[in-house]
Amino acid sequence: MFCQNCGFNNEKDSKFCLKCGTPLLIPQESPEKHNQFYQAEAQPVQPAAPKPKKKRKGLIIGLVSGGVVLLAALAAGYFVFFAGAAVTGEWYSQQQGIVLSFNDGGIVEQIGLAGSYEGEYEYNKGKGKGVITVSGGEDEFTVKGDELTVEATDKDYIFTRAEEKFDSEEFFEECFLGAWSNEELVQVIEIKKRGNLSLFTVSGETEGEYEYDVCDGEGTITLGDQELSFITSEQGIELEDSGVFAKQDEDFDIYDFIAENAVGVAGIWYKTGDRNITLKFSEEHLFIYTVINGGVTNETIGIYDFDEETGEGIILLQQTVKFNVEDGKLYIGEDVFTRYK
């Protein structure tokens, strides 16, 4: 062991230099002799760094997109089921011939063949329900999409939302067309296009003409040499000296109406099983007996009288013929006649 002071080579186990007496330093082990242990102590093995996780971009994007779609669906659902449909604008009812016009200020105008009326309304858009107040009366209504239902006392009235190109005057002209009936008179006025009409009574059909001012709700009906004025009201057509004719729907059968409401014997009857033989009783007590044979028509004209209480009557031709009406049938001797529908 060499002395670090004088360089003398001492014995291996010496603690002091035998030459100069300097304490000897014990040398540390060389790193090269124990490389594995040195590495283990000086540079401890570090645990392997964990591999970075892959970012799930696609999943995140999908979740975000799905969330956006869900939020949009919820928003749409809110407006459909909670926000409700708007009521402002025009709504029309073809059957009633009425237009309802709602403005943003809570005012509703009812426009029809009978004129126009103004009222107020309240509407809960969230519930799609509201109340119309006109002339002191109240009617509840509901809105579902493009359909508005007014819940009146007698029945429900359905209105359809009008489009932007809606023409109210043209709409009312269309509403005026169709059948209008008077049950008491057993008469039907059928309004046609281009100013033409037909009047149906128990005695038959008469062609005529009419003029009508939609804005004023007034007009005239011409039947032969007779001219009658009329107005349109909530009840229907109020015809001069005749009464009120109520509007009927598209399924209305004119001939069934005449047959079902006819009182007495007035009208046209055909021989049961043979429509070539007919009897016509007019309201003016004129009687016409018609026979069609081989394309040739023969008529015999007379007068008649009829007692509605007893259901019995007489026809005056060249001789007196008795008849009676019972259970909707007319009997002359053994011949049975049925009223035309």
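The model is predicted: local features need pLDDT of at least 70 and side-chain atom pairs count only at pLDDT 80 or more, while totals for chains, interfaces and linings use all residues. Residues are numbered from 1 along each chain as its sequence is written, and side-chain values use heavy atoms, with hydrogens and water left out.

**Entry 1: the whole chain**

I recorded four helices and 24 strands in the chain. Of its 341 residues, 31% count as buried (under 20% relative accessible area, with exposed over 50% and partly exposed in between; 1.4 Å probe, protein chains only). I then looked up contacts (heavy atoms within 4.5 Å). Among those between residues at least 6 apart in sequence, 37% join residues at least 24 apart. The chain exposes about 23,400 Å², and carbon and sulfur atoms supply 50% of this area (Shrake-Rupley method, 1.4 Å probe; for residues, only the protein chains shown count as cover).

**Entry 2: the largest pocket**

I returned to the largest pocket, which holds about 880 Å³ of space. Its lining has 33 residues, and Gln96, Ile98, Gln110, Tyr157 and Glu234 are the closest to its centre. A pocket is an open set of points on a 1 Å grid over the protein atoms alone, where a 1.4 Å probe fits, with protein on both sides within 12 Å along at least five of seven lines; lining residues have an atom within 4 Å of a point. The volume is the space filled by probe spheres set on the points, which are joined across faces, edges and corners. Which strand gives the most to this lining? I found E5, with three residues. By class, I noted 14 nonpolar, 15 polar and four charged residues in the lining of the largest pocket (Ala, Val, Leu, Ile, Met, Phe, Trp, Tyr, Cys and Pro are nonpolar; Asp, Glu, Lys and Arg charged; the others, Gly among them, polar).

**Entry 3: the second largest pocket**

The volume here is about 290 Å³. Of the 14 lining residues, I listed Leu177, Lys247, Gln248, Asp249 and Glu250 as the closest to the centre of the second largest pocket. Helix H3 (168-176) and strand E9 (178-182) give two or more residues to this lining.

I traced strand E21 (residues 312-316) and strand E22 (residues 320-326), which run antiparallel and are joined by five bridges (strands pair if DSSP finds at least two bridges between them). Glycine 313 has phenylalanine 323 in E22 as its bridge partner, and a hairpin of three residues joins E21 to E22. E22 also pairs with strand E23 (residues 329-332), in the antiparallel sense, over three bridges. There, asparagine 324 has tyrosine 331 in E23 as its bridge partner. The hairpin of E22 and E23 has two residues between the strands, and aspartate 327 in this hairpin takes a positive phi near 55°.

I looked up aspartate 241, which is not a glycine but has a positive phi of about 60°. Aspartate 241 is exposed, with a relative accessible area of 74%. Histidine 285, also not a glycine, has a positive phi of about 65° and lies in the loop between strand E18 (274-281) and strand E19 (286-293). Histidine 285 is partly exposed, at 35% relative accessible area.
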